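Here is a short briefing for a reader who is new to this structure. Start with the sequence and the model, then go through the points topic by topic.

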Amino acid sequence: RLAARARMSTEKAAMRKAIRARYPGKSQRDAESVRLCAVIAQSNLFRCANVVAGYVPMAREADIMPLLRLTLDLGKTLLLPRVEGARQMTMRQIPGAYGIPDPPESAPILSPDAIDLLLTPLEGVAPDGTRLGKGGGYYDGLLPLKNGIALGCTLPWQWVDDIPRES
């Protein structure tokens, strides 16, 4: 069992490296992110969500900042992650004026059960919806959502045929 887990970890690390090698650059990322935000903003998932949990993007992730601003502009509740410890993350409410990359420790924590729509960053995704994260396991504690829907914010070069999973 330990050998299988180590093999899967090695396979996932190699997959992350291969996906990162396909990264076309910031201008392509920005253009694709604009398209992605427009599709999400027009979706029923977003329009019907009252509580939206997002993320502040890192360099190669889909830039959803316009969607986060729209969330607040529409009067929806916006949650952003705050790392609390190893593999532990809470979703904290952001006040009406956006601009805080990491919610302060004093920001209210909302239960994952309150999330209507969770926008997740990812390294890769397979057609069956299997998500490949960065390997820290932070989002694993939130998924699957009890009442809401998780939506991986995927850019074209992040699609892969298959992602190894624990059985």
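From the N terminus on, the elements of the protein run α-α-α-β-α-β-β-β-β-β-β-β. That order holds four helices and eight strands. The model is a predicted one. Six of the strands form an open sheet, and nine salt bridges are counted in the protein.

**Overall size and packing**

- The protein has 167 residues and a radius of gyration of 16 Å. A compact globule with that number of residues would have a radius near 15 Å, so the value agrees with a compact globule.
- The C-alpha trace spans about 45 × 35 × 25 Å along its principal axes.
- Of the 167 residues, 43% are buried.
- The accessible surface comes to about 9,200 Å². Carbon and sulfur atoms hold 54% of that surface.
- Residues 24 or more positions apart account for 70% of them.

**The sheet**

- The strand order in the open sheet is S4-S3-S2-S1-S5-S8. The pairing is mixed.
- Strands of a sheet pair through backbone hydrogen bonds, and this can be parallel or antiparallel.
- Which strands stand at the edges? They are strand S4 (109-110) and strand S8 (149-152). Each has a single partner strand, so one side of each is left without a neighbour in the sheet.
- Strand S5 covers residues 117-120 and pairs with S8. The two run in the parallel sense, over four bridges.
- Leu119 stands opposite Leu151 in S8.

**A helix across the sheet strands**

- Helix H4 is formed by residues 65-73.
- Helix H4 lies across strand S1 (51-53), strand S2 (77-85) and S5.
- Relative to S2, helix H4 runs at about 125°.

**Salt bridges: Arg29 and Asp30**

- Arg29 forms a salt bridge with Asp30. The closest N and O atoms are 3.6 Å apart.
- Buried or partly exposed: which is Arg29? Arg29 is buried, with a relative accessible area of 7%.
- Asp30 is partly exposed, at 25% relative accessible area.

**Salt bridges: Lys134 and its partners**

- Lys134 forms a salt bridge with Glu61, with the closest N and O atoms 3.4 Å apart.
- Lys134 lies in the loop between strand S7 (131-132) and S8, while Glu61 lies in the loop between S1 and H4. The pair therefore ties together parts that are 73 residues apart in sequence.
- Lys134 counts as partly exposed, at 40% relative accessibility. Glu61 counts as buried, at 5%.
- Lys134 also forms a salt bridge with Glu123. Here the closest N and O atoms are 2.5 Å apart.
- Glu123 sits in the loop between S5 and strand S6 (124-125), and Lys134 in the loop between S7 and S8. The two residues are eleven residues apart, and the pair links distant parts of the chain.
- Glu123 is buried, with a relative accessible area of 6%.

Definitions and conventions: Residues numbered from 1 in each chain as written. Predicted model: local features only at pLDDT ≥ 70, side-chain atom pairs only at ≥ 80, totals over all residues. Heavy atoms only, no water. Pairing = 2+ DSSP bridges. Contact = heavy atoms within 4.5 Å. Axes fitted to C-alpha atoms, helices over the stretch in contact; angles between N-to-C directions. Rg over C-alpha atoms; globule rule 2.2 N^0.38 Å. Buried < 20%, exposed > 50% of the residue type's maximum accessible area, 1.4 Å probe, protein only. Areas by Shrake-Rupley, 256 points an atom, 1.4 Å probe, with all protein chains shown as cover. Salt bridge = Lys/Arg side-chain N within 4 Å of Asp/Glu carboxyl O.
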